[in-house]
Amino acid sequence: MTEDWKFKKGTIINAHLKDFNDSRWETVTVPHDWAIYGPFDKEIDKQSVAIIQNGEQVPTEKTGRTGALPYIGQAWYRKEFLIPDLKETQKTLIVFEGAMSQPQVFINGRKAGSWNYGYSYFYFDISDYIVEGENTLAVHISNKGESSRWYPGAGLYRNVSIITKNKTSFNQWGTFITTPFISENKAKVKIKSKVSGNNLKLRTKIIDNEGNEVANESSSSLFGNEFEINLAVLNPRLWSPETPYLYTAISELYSNGELKDKIRTRFGIRSIKYEAEKGFSLNGKITKFKGVCLHHDLGQLGTAINKAALRRQLKILKDMGANAIRSSHNMPSFEQLELCDEMGFMFLAESFDEWAKPKVKNGYNRFFKEDAEKDIINLVHATRNHPSIVMWSSGNEVPDQWGTEGVKRAKWLQDIFHREDPTRPVTVGMDQVKATMESGFGAVLDIPGLNYRVHLYEEAYDKFPQGIILGSETASTVSSRGVYKFPVKKASMKQYEDYQSSSYDLEYCSWSNLPDDDFALQDDKDWVIGEFVWTGFDYLGEPTPYDEMWPSRSSYFGINDLAGLPKDRFYLYRSRWNKENETLHILPHWNWEGREGKNTPVFVYTNYDSAELFLNGKSLGVQKKNHSTPQNRYRLMWMDVKYQPGVLKVIAFNKAGEPIAEKEIKTAGAPDQIVLDADRTTIKADGKDLSFVTVSVVDKDGNPCPTATNQLNFKVKGAGAYRAACNGDPTSLELFHQPTMKLFSGKLVVIVQSTHKSGPIELKVTGKKLKSGKIALNSTSSEN
Ligand code: GAL
């Protein structure tokens with residue numbers, strides 16, 4: 001149910017009633033995030049708090065903590081839906097994949113159910129509430145301030161669907177497929193299916209990626225309300241990030257010989273194992289997590305889920321060489337899991353950022369005792385057939401790490417996960433590592449996850465019984481894309497007058513560290529099973545180290561900025577994680593008017609061991625990676641370079657010392673021409689698909705202008721519409737959905753959305769004194 005929803009913010013009397021007049025309400029499509037349209041406002045959710053987990057003692061005023069966007073308040077969504085033919089033998093469910101937050105659901109004026117946690121998936125049986133013909137769904141949403149530590153979004157931000165089926169049918173999320181035995185020539189596929197009805201028979205076939213049937217089985221033996229069958233798949237193709245091979249089980253349910261229900265469940269054949277000292281293995285092969293943490297917002301799109309935007313994120317991460325995602329700190333979207341199955345990413349699916357003890361006054365602590373079990377059950381039931389999920393997380397840095405009840409809670413939650421899914425282990429991202437060593441909290445967990453605290457890894461490994469440590473959250477290095485600060489030195493919580501952080505990648509938080517510190521642990525200790533970097537992309541809210549500085553309103557932690565453009569750090573991770581492609585990246589940019597003769601260090605992020613740097617043809621010497629410091633081990637750094645405009649060139653050498661690759665950057669002249677580059681030029685005419693167009697300016701010779709800040713305007717013609725823009729500047733208060741924005745460090749991204757019409761689309765970008773840029777896109781009704 002996507003189109004033609006009616007929406008209104010505010011406290012509205014009688015909006016739940018069937019015959020309520022909503023004709024003057026705004027018409028929106030769902031998924032929808034009402035808050036992303038702004039405006040940004042310093043006063044919104046201004047939190048006067050001490051962030052205890054950041055080591056703060058005294059409360060201070062935090063302005064952009066949740067993004068300074070208007071997510072607080074109440075709102076209603078209403079939608080008509082048709083039940084053409086009401087049958088006694090049928091039932092109707094309504095499924096919500098997420099509603100932020102505290103949705104109360106009314107059907108034809110009667111309350112059909114409610115849910116508290118904004119990140120949960122849930123469904124209700126609404127058979128008793130519907131009538132034949134037109135029905136009215138009304139959903140009340142309510143968001144309190146101080147309910148989040150980041151931008152939570154607002155409203156029906158994920159899909160809502162109505163399912164009508166026979167009463168005799170497979171239960172919603174009642175199928176569980178596992179692959180408990182795998183050898184080279186045979187895999188056992190075990191399928192448990194919960195069903196409703198009498199005199200039942202199950203028929204299941206498995207088809208491979210090309211649609212060929214590879215196994216089938218039938219059964220009439222029910223155990224309670226559950227079928228359990230085992231199928232043999234010969235010569236199984238295993239799922240892994242490198243080979244994300246998927247099978248589909250097609251199950252049919254018969255009653256007295258009549259077909260009553262048919263479902264398709266996609267799954268993968270793969271084995272996972274976590275072993276002391278040895279680490280994690282996938283399909284028998286030791287594999288380290290090269291992962292990133294992701295919050296759920298999609299930058300300028302807000303939290304409204306969009307598959308094209310998710311796919312783009314994953315493509316960027318794939319190119320970086322990442323193999324895993326952690327959905328911090330809540331349930332991932334179904335779309336994200338589907339894409340991870342298809343594109344090959346392992347997944348750490350998390351449930352909560354809070355248990356019983358608060359981090360923010362109105363956070364999940366309000367619901368924990370009553371809701372935690374059902375929230376976990378829905379998470380597991382709805383997502384357990386995704387081969388990408390290899391671990392669950394029951395919590396992140398919960399203050400319950402302190403004290404004995406916390407240990408019990410950790411055990412309670414883990415037991416729920418084990419009961420619902422005995423095949424995957426459970427972790428918690430721990431920051432109070434010392435406390436969890438003493439209390440036994442860390443010892444209870446299947447996998448001890450450490451958030452930062454690189455100095456405690458050895459001790460944790462010694463004290464915890466599991467024999468492995470996961471870097472559940474790492475780095476939290478901060479930087480702004482294309483911004484470099486001098487002098488170049490390591491610093492914690494460093495602030496500058498422009499509220500930006502340096503892209504020399506040497507700045508971090510009081511609790512965190514630099515990427516290289518994690519790399520060393522990952523490389524030197526077999527028992528460190530991998531890392532999840534905080535974060536893959538910048539997100540709205542939590543603008544550390546500028547939590548108190550307005551107008552900072554989004555994070556600096558991302559490897560990529562809020563627009564999805566790579567920061568320099570992208571190439572540092574890529575140089576290490578992407579084993580197939582060469583990485584040779586020079587920083588900073590080379591436009592430093594006014595710095596002539598001043599020391600301007602040059603870093604090179606590369607998979608090669610050594611390289612020689614040249615400035616205007618003159619050698620500045622060879623640098624070779626070495627173990628003197630973590631930075632020297634993973635970066636090539638020329639610390640004494642006197643800036644002169646011109647050409648900076650690097651030549652990299654292979655192990656034999658022969659030149660193997662080169663790269664150069666040039667000082668650019670004045671901005672002259674706007675250039676556009678789309679991630680995809682052909683999109684689907686489904687009203688949802690997106691093309692992400694990177695906009696930059698070049699000088700008259702075509703050199704990118706890395707410091708340009710021109711104000712640009714966007715116009716879309718033809719079978720598409722302007723959707724939103726973002727420049728990645730964490731301090732920008734320009735509205736994403738307005739068709740104008742300033743460049744930040746020479747770049748921004750414009751999103752063009754398809755309509756339901758196919759045909760050519762043109763995006764034109766103009767700016768004062770600049771030659772305009774144009775790009776031709778195309779929207780088609782066929783698959784592309
Ligand atoms: C962690 C926390 C994350 C984020 C991060 C910033 O402590 O789990 O949610 O706040 O710090 O460094």
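**Domains and a helix pair**

The protein chain splits into domain 1 (5-166), domain 2 (169-267), domain 3 (280-476 + 511-538) and domain 4 (673-780). Those bounds come from an automatic or database domain assignment.

Some ground rules. This is a predicted model, where local features need pLDDT of at least 70, side-chain atom pairs count only at pLDDT 80 or more, and totals for chains, interfaces and linings use all residues. Residues are numbered from 1 along each chain as its sequence is written, and side-chain values use heavy atoms, with hydrogens and water left out.

Take domain 1 and domain 2. Their centres, over C-alpha atoms, are 35 Å apart. Nine residues from domain 1 and eight residues from domain 2 make the contact (heavy atoms within 4.5 Å). Between them, the two domains bury about 680 Å², 52% of it on carbon and sulfur atoms. Buried area here is the accessible area (1.4 Å probe) that two parts lose on being put together, summed over both.

Now the helices. H3 (residues 368-383) and H4 (residues 404-420) have axes that come within 9 Å and cross at roughly 30°. Therefore H3 is roughly parallel to H4 (angles under 35 degrees count as such, on a scale from 0 to 180 degrees between N-to-C directions). Helices here are DSSP runs (H or I, at least four residues), numbered from the N terminus.

Who meets whom? Residues of H3 including Phe368, Ile376 and Val380 meet residues of H4, among them Trp412, Leu413 and Phe417.

Definitions and conventions
Helices (H or I, at least four residues) and strands (E, at least two) are DSSP runs, numbered from the N terminus. Angles under 35 degrees count as roughly parallel, over 145 as roughly antiparallel, 65 to 115 as roughly perpendicular and the rest as oblique.
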